[in-house]
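Reader: Could you walk me through this one? I have not seen it before, and I would like to take it slowly.

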Amino acid sequence: MELVYAVCVGFMSACGIFLMLRGHTFTLVIGLTLLSYAVNLFLFASGGLTIGAPAVLNGSENYADPLPQALVLTAIVIGFAMTAFAVILAMRGRSDMGNDHVDGTEPFDRLAAEEKS
Amino acid sequence: MGLFDHLVIFPVLIPFFVAVALLFPSLNNSLARQRVLTIAASILMVVVAFVLLFKIKDQGIQVYALGDWSAPFGIILVADAFSVLMVCLSAVLGLAVTLYASAGEDKNGAFFHPLIMFQLMGINGAFLTGDAFNLFVFFEVLLIASYSLMMHGGGKQRIQVNIHYVFLNLIGSSLFLFALGTLYGTLGTLNFADMADRIPLLSSNELLITKSGALLLLAVFGLKAAMLPLHFWLPKAYASTSAPVAALFAIMTKVGIYSIWRVHGVMFGDQAGELANIALPWLWPIALLTIAIGAVSVLASKSLRVLCSNLVIVSVGTLLVTISLNTVQAAAAGIYYLLHSTVACAAMFLLAGVIQQQRGKAEDRFVTTRTMPQAGILGFIFILLAIGLIGMPPLSGFVGKALILQSVTKASQAVWVWPLILGAGLIALIALSRAGTALFWRTNGENNTALQGQPVQYLAIGLLVGILPLMVIFGGAVSDFAQLAAEQLKAGLSLQQLNEVANNG
C-alpha cells in the first residue's frame, strides 16, 4: 500500500512540476493545483498509513494519527483560497496584457517567424 | 488571569479584530474613519509591543498556551527577546506606513487599511509562534495580504510583477508543506521546542529524510528572505509597488531571515546531534555571494527604488553571514543590524515615494528633470538615510557593521567577510552619491506645479529616520538587549522549560 501511495504522490508532483515549468499562467495554475493535491496526500500520509482505525484517541492501541488530518484540512482550505486568487490574477493578467505568458509578452519564436515568411 | 497575562497574543489579535471591524460598511465607506482607526490601532500596537518588551526584559521568556492546552498538544506562542524585538519593529513600521498612506496613497484602491492590518497580523504571528505549522499559517496570512497590497493602485507593470511574485510564493508554500510533512513523519511533532528535543534522538535511518526536510525548509525561507539564487523576484517587485507597501515589505525578507535563524541556526544548530549545523555549509557561500550580487546590482540600478531594493538584498546577505558565523556575539550583532537595516530601507522607500510625487513623469529615475519643490528638506533626509545605509558614523549603520566585523574572530572567515562588507559599503557610498547628485543637482528649470509633500508623510519618514540616531544614543541599551536576545535564541528552549514557563505564567 505504501509503495502505491508513494508512487501516486510522486507521479502527481512530477506532473505538477512539469506543468509549472511552462511559461503560461493557465498551465501554471493547473500545475499548481496538481502539486497542491500531491502535497495534501503527502501530508495525510506523514503520520503513517493505517486502515480501519478511528482518527481519535479512544483508549485502544489502534488509532490513526489525528494531527496530519487536521493539518491537511488547514492546507486544503488555504490551498483552495490561494488557487482562487491565482486564477483571478491570471485572468486579470490575461486581459491587461493581452496574452497569458507570465512575463507579459510572448518570447520571440524564431522558428514560427521563419515559417510565416 | 488578568488582561496583562494575555499580552503575548495581543500583537496578533489587535490587527485581526481591527481588520475585521474595518470591513463593516459603516467603517468601510468612510476613508477618514478607516484612517483614524488604523492609526489608533497602530499606536496601540506600538505600546503593547514595548510593554511586552519590558516585561520580557524583567521576567524572561513568556509562553502563551492558547485555550490553556499545554505543549506539545496545544498551540503555543513564545515571546522571547528576539521575537519581541521583531514585533516592536513591525509595530513601528506599521505605524509609519499607515501614517504615510493616510496622505492619499490609500485612495488608489480598495481595502488598503484592512489589508495592512492583516499583513501585520501575519508578520507578528510568524514572529511569535512556537509551532512550525502555525508558522506556515501565518506565512500564508501575510502572503495573501501582500499579494493584494502589491497590486494596490493597479497598473500593467504591477500586475505583471505580481504574477511572478504570487506564483513563486505559491510554489514556495507547497514546498513548505512538503518539508513540514517530511519533518512530521520522522519527528512526530511540529512544536519547535519538542522538535529540537527529538532531533538528537533520531535513529540513523531517519537522519537523511529529516535532513532533506530541513534543507527544503531552507529553500522556502530563502525564497522569502531573497537569498541567492532565489532573489530575482525582489528588485522588480519592491520597485514597482507603492511606497508604503514597499516600506512594509522591508520587514518581509526579515521574516525569512528570522525563520532561518530559529530553524537552521538553533533547532538544527549546535545541539542537534548528528544533524548539527546541516545548513551552514550552504549558508556560508550563499551569504557571501548574496552580498556580492546585491552590491553589483546596486551599481547597476537606474532608479532610487530599484537601488533601495538591491540594498535590501545586500542587507539580507549580511544577515545570512551573521547566521552562518554561528556564535552568540555574531547573532547579537546581526540582530542590531537587522533592526537598523529594516528601518533605514523602509524610510528610504517612503522617501522615494515623496521624491517620485514631486518629480512628475521622471519619477525616481536618475535622469535630468526640473527641480523638486521641496528639494531642500528631501535632500537633507536623503543624506541622513544614505549615511545610515552606507554604514558611516555617526548613525546606527556604522555601529551595526562595526559589531558584525568585530564578531568575526577566525582569520579564515575574516578574510571573506571584511572585504565583502566593507566593499559593499563603498559601493553603496558610490551609488547613493550618484543617486543624490542625479536627483537633486542635475536639474533644468524650476517646477511650480508639482505636489507638495504632506506633513503627515514627513512625520512618517521622520519617525523612522529618528530611530537611527536613537539607536546610537541608546546604543548600549539596544545592544545589551540584542545580546540578551542572541543568548536566549542560541540557548534554545526545551519542551520541559517551555511548559515550566507556561505554568508559572
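Reader: What share of the contacts in chain B between residues at least 6 apart in sequence join residues at least 24 apart?
Author: That share is 79%, where two residues are in contact if their C-beta atoms, placed from the backbone, lie within 7 Å. Please keep in mind that this is a predicted model, in which local features need pLDDT of at least 70, side-chain atom pairs count only at pLDDT 80 or more, and totals for chains, interfaces and linings use all residues. Residues are numbered from 1 along each chain as its sequence is written, while chains are lettered from A and ligands numbered from 1 in the order in which they are written.

Reader: And what is the figure for chain A?
Author: In chain A, residues 24 or more positions apart account for 51% of the contacts with a separation of 6 or more.

Reader: How many helices and strands does chain A have?
Author: Chain A has 4 helices and 0 strands, counted as DSSP runs numbered from the N terminus (helices are H or I, at least four residues; strands are E, at least two). The radius of gyration of chain A, at 20 Å, is well over the 13 Å that the globule rule gives for 117 residues, so chain A is more spread out than a compact globule. That radius is taken over C-alpha atoms, and the rule is 2.2 Å times the number of residues to the power 0.38.

Reader: What about chain B, how does its radius of gyration fit the rule?
Author: For 505 residues a compact globule would have a radius near 23 Å, and the 22 Å of chain B agrees with that. Chain B holds 21 helices and 2 strands.

Reader: Switching topic, how many residues does each chain bring to the contact between them?
Author: Chain B brings 22 residues and chain A brings 27. On the chain B side, the largest share, 17 residues, comes from α7(B).

Reader: Last one: how do α15(B) and α17(B) pack?
Author: Helix α15 (residues 328-358) and helix α17 (residues 396-407) of chain B pack at about 155 degrees, with their axes 8 Å apart. Axes are lines fitted to C-alpha atoms, for helices over the stretch in contact, and angles run from 0 to 180 degrees between N-to-C directions.
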